[in-house]
Amino acid sequence: MRIIRGIKIGGLQQKIFVLMLIFIIALIGVYAMVTVHQQKNLASVVQEANVEQQAAITAVSEETMKTVLEMSMSRSTALQAYIANDLFSDVRTDVLTMQAFAEELFAHAELFSPHPFSPPLAENDGVPSVYVLHEPDVDPQDSELLKLTANMSEILLARFTASSKLSGCFVGTADGNLLVVNNRSGVCLSPDGSPLTLDVRHRPWYWQAVDAGELTFTGIEIDSYTGIATLECAAPVYHEGELVAVVGADIFLTSISEYIQDTASEGSFLCVINEDGHVIFSPQRTGVFKAELTDQALDLRAIGNKELARFVTLALRERTPLTCIEIEGTEYYLTGAPMETLGWAVISVVDKEITNQPATMMLSQYEKINSEARSAYQSGAKQSERTIVLSTVAILVLACASALFVADRVVKPLERMTMRINALSGSGQAFEMEDAYRTNDEIEILAESFASLSKRTRDYITQITEITAEKERIGTELALATRIQADMLPNIFPAFPERPDFDVYATMTPAKEVGGDFYDFFLIDETHLGLVIADVSGKGIPAALFMMVSKILVQNYAMTGRSPAQVLEAVNKQICANNREQMFVTVWFGILDTLTGKITAANAGHEYPAVMQGGGGFELLKDKHGLVIGAMEGLKYTEYELTLKPGSKLFLYTDGVPEATNAQNELFGKERMLNTLNEEPQASTDALLRRVREAVDDFVFDAERFDDLTMLCLQYNGPMQQA
Amino acid sequence: MLNIEKTIDASELTITLAGRLDTTTAPELEKQLNAALDGITALTFDMAALEYISSAGLRVLLSAQKIMNRQGKMKVLHVNETILEIFEVTGFTDILTIE
């Protein structure tokens, strides 16, 4: 775990944080994927529906339009044809009436007197008037026919006045005169006021009627005087099988032309086709449906469009159904109806493009609504996207915060615990449970474990401390006991400075603790010196106590004047009396007669003493051994005597000397001991003991010494000179 | 270190000692003896591999000898020279049956 700027990398907190973050990011990812997928799905569904709806709208609209158009167009075309036909049929009626009247007139000529007539008068221009025109070489005054015909003046005037459709009516006589009624007398006057002449019998209406022999409509003529397109209707009048006159009426086509012109609205118009297939009225200025009255007029049936030809042929004969024809690259809806009077036809033309307009409009409206909806949806989507992004960020922030919070919740108690544990010092302090660790989870268990461990540790430390203190106390007491023990032994040297006849020196070097070795020497009387060396079995306080008892007993019994064997027997008896612990002690006890150098000694299981006689070396004295003291009751010990010549030495020791062991587990041995002593046997008693101790120390070196090292050396110098 | 091996044949117990019988190892032998000596009428110590015996060890032998004096007999086998010398010096040769 590294710490960078106070943030623990790889810590529990970071791990929990990362874990939660990964989980949340995965959640958001799934959420985002689902959202995107749904949005795409929705968009494509909307798009498909859009296309389908548009197609449906187009189809339905087209169908509806076609139906509506069929009904309205064919009806209106028929109506137009009927109205137009009506116009001409009125004229026809008028002309037939005039023809009948004229025939009656000629049939009963004897009943009529000549009727006056006049040339056109300037003052009559603009008002309905009756006047006469004539061919250049014809004099109206000579014409009997005219004089008779003039009787029709009132009838013609009445007819003209009554009809709003007629632009004029007239009677041409077979001799070249023309009786006219109209309100345009002015136009028949030359600038000088004289009347203009007219080739009456060369006018198309005249000869066409004569040729036909019955009522006939001329083609569209340009009026001789006004230049206005005019349609004339004429019928010949016969009297007794002889042509006498031709009656007629003319209609200015201004009104029908204007009407047709007015029908032109955007993309649709009416046109009129004559029996030759020529377009005679049309608001069109260009193209196939342009009106053409000249010789260059095209027959619509002969321009190479079969469908159009078929349609026109049909229209001239009967009402056609709505027909869709492509003309010069544009599709048109057409209906037609015949004008039976003239053998013409009215054709209604609608650019198909126009009929699509409602659909287009509807579509555009639909598209507009749709696009509004779409943009609303998109802005909504954008809004929701923003909301999603914002909420995602919010969720992330919240998640981070809660992750940190949770991680903190987990880590904080741990950190606090770590801090508390690190802060623990001294034996008195213990880790205590705190509310911060009451998390109801493993942390609480951990904290409780710590607390219990800490308590146990503290108790243990206390115990250890007590034990240590106890040990120290015991150690101190043992050290004290060792001192007391050592102090019990005579340890002031030279021990008998006033006695030149002998010299005694002894040392006891305890091992690690108080032991059971002891030495002793004491004057029993002026000439007897008691010498003791002993080794109690075992170590420690029991051995020390046993040694004390033994030492005191030996000395006490020795002071009563008993022999060495008697002393040991008494001591053995005393010790065995109260020796449940089976302790025993090896004792060598001897009494030196300072006058003679004779030593009387007894040995209760102790090491052989070493003796140096005169100028020789030290040798072991294999004396007679008895059993150790304390082993059995009622033991008998044997004494032996040994006489030291002046200058001789006696060396006593415990098994600590020969049994001193080095690191290689070798024993120092009696051999080495004797060799050491014999390096300089003449040396002083203290020097000898020092040598042996040094030799043992060198031998043992760094191995641990288990046993006490106790030695005693006596030098006999010979009896004191009696003063 | 001391290795203690016990072989019981009915009421006869043989204890084979190897190593050093001293202050530190004697208590263990004493403990084992106290636990094993009930009903034993013949106790044998085999000391062939015993290197050293200290006064503490002698004390255990003495205790055992005293117990066996009451309930049977005890003998010591294969005592080497060092051990025998210790037995002689301490006078144990007088009370032990050494064979």
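This is a predicted model: local features need pLDDT of at least 70, side-chain atom pairs count only at pLDDT 80 or more; totals for chains, interfaces and linings use all residues.
**View 1. Chain B as a whole, with its helices and strands.**
Chain B contains three helices and four strands. Followed along the sequence, these elements come in the pattern β-β-α-β-α-β-α. Of the 99 residues in chain B, 36% count as buried. Among contacts in chain B between residues at least 6 apart in sequence, 71% join residues at least 24 apart. The mean pLDDT of chain B is 90, and 100% of its residues score at least 70. Within chain B, the element with the lowest mean pLDDT is α2(B), at 88, while strand β4 (residues 73–77) has the highest, at 93. For the model, the scores are ipTM 0.85 and pTM 0.50.

**View 2. The contact between chain B and chain A.**
Chain B brings 14 residues to this contact, and chain A brings 19 residues. On the side of chain B that touches chain A, the elements giving two or more residues are α2 (55–71) and α3 (81–90) of chain B. The most is given by α2(B), with six residues. Sorted by class, this side of chain B has six nonpolar, five polar and three charged residues.

**View 3. Two loop residues of chain B with positive phi.**
B:Ala10 is not a glycine, yet its phi is positive, at about 55°. B:Ala10 belongs to the loop between β1 (2–9) and β2 (12–21) of chain B. Is B:Ala10 buried or exposed? B:Ala10 is exposed, because 9 other C-beta atoms lie within 10 Å, and a residue counts as exposed at 12 or fewer. B:His78 is likewise not a glycine and has a positive phi, of about 50°. The loop that holds B:His78 runs between β4 and α3 of chain B. B:His78 has 15 other C-beta atoms within 10 Å, so this residue is partly exposed.

**View 4. A five-stranded open sheet of chain A, from β10 to β11.**
This open sheet has five strands in the order β10-β9-β13-β12-β11 (chain A), and their pairing is antiparallel. At the edges stand β10 (279–281) and β11 of chain A; each has a single partner strand, so one side of each is left without a neighbour in the sheet. On average, neighbouring strands of this sheet are turned by 40° against each other, direction ignored. Strands β12(A) and β13(A) run antiparallel and are joined by eight bridges. A:Tyr332 has A:Asp351, in β13(A), as its bridge partner. Helix α1 (residues 12–107) of chain A packs on the sheet and touches β9, β12 and β13 of chain A. The direction of this helix makes about 40° with that of β12(A).

**View 5. Helix α6 of chain A and its buried residues.**
Helix α6(A) lies across β9, β11, β12 and β13 of chain A and runs at about 20° to β12(A). Which residues of helix α6 (residues 306–315) of chain A are buried? A:Leu308, A:Phe311, A:Val312 and A:Ala315 are buried in this helix. Their arc around the axis is only 95°, which means that they are on the same side of α6(A). As background, an α-helix has 3.6 residues a turn, so residues three or four places apart point the same way. The buried residues of α6(A) pack against β9 (268–273), β11 (323–327), β12 (330–339) and β13 (344–351) of chain A.

**View 6. A second open sheet of chain A, from β14 to β20.**
The order of the five strands in this open sheet is β14-β24-β23-β19-β20 (chain A), with antiparallel pairing. The edge strands, each pairing on one side only, are β14 (502–509) and β20 (618–620) of chain A. Neighbouring strands of this sheet are turned against each other by 15° on average, direction ignored. Eight bridges connect β14(A) with strand β24 (residues 709–716) of chain A, and the two run antiparallel. Opposite A:Met508 stands A:Thr710 in β24(A). Helix α11 (residues 669–679) of chain A lies across β19 (610–612), β20 and β23 (648–653) of chain A, and runs at about 155° to β20(A).

**View 7. A cis peptide bond in chain A.**
The peptide bond that leads from A:Phe493 to A:Pro494 is cis, with omega near 0°. A:Pro494 is placed in the loop between α8 (442–488) and β14 of chain A.

Note on methods:
Residues are numbered from 1 along each chain as its sequence is written. Chains are lettered from A and ligands numbered from 1 in the order in which they are written. Two residues are in contact if their C-beta atoms, placed from the backbone, lie within 7 Å. Ala, Val, Leu, Ile, Met, Phe, Trp, Tyr, Cys and Pro count as nonpolar, Asp, Glu, Lys and Arg as charged, and the others, Gly among them, as polar. Two strands pair if DSSP finds at least two bridges between them. Axes are lines fitted to C-alpha atoms, for helices over the stretch in contact, and angles run from 0 to 180 degrees between N-to-C directions. A residue is buried if 20 or more other C-beta atoms lie within 10 Å of its own, exposed if 12 or fewer, and partly exposed in between; C-beta atoms are placed from the backbone. pLDDT is the predictor's confidence in each residue, from 0 to 100. The arc is that of the directions from the helix axis to the C-beta atoms.
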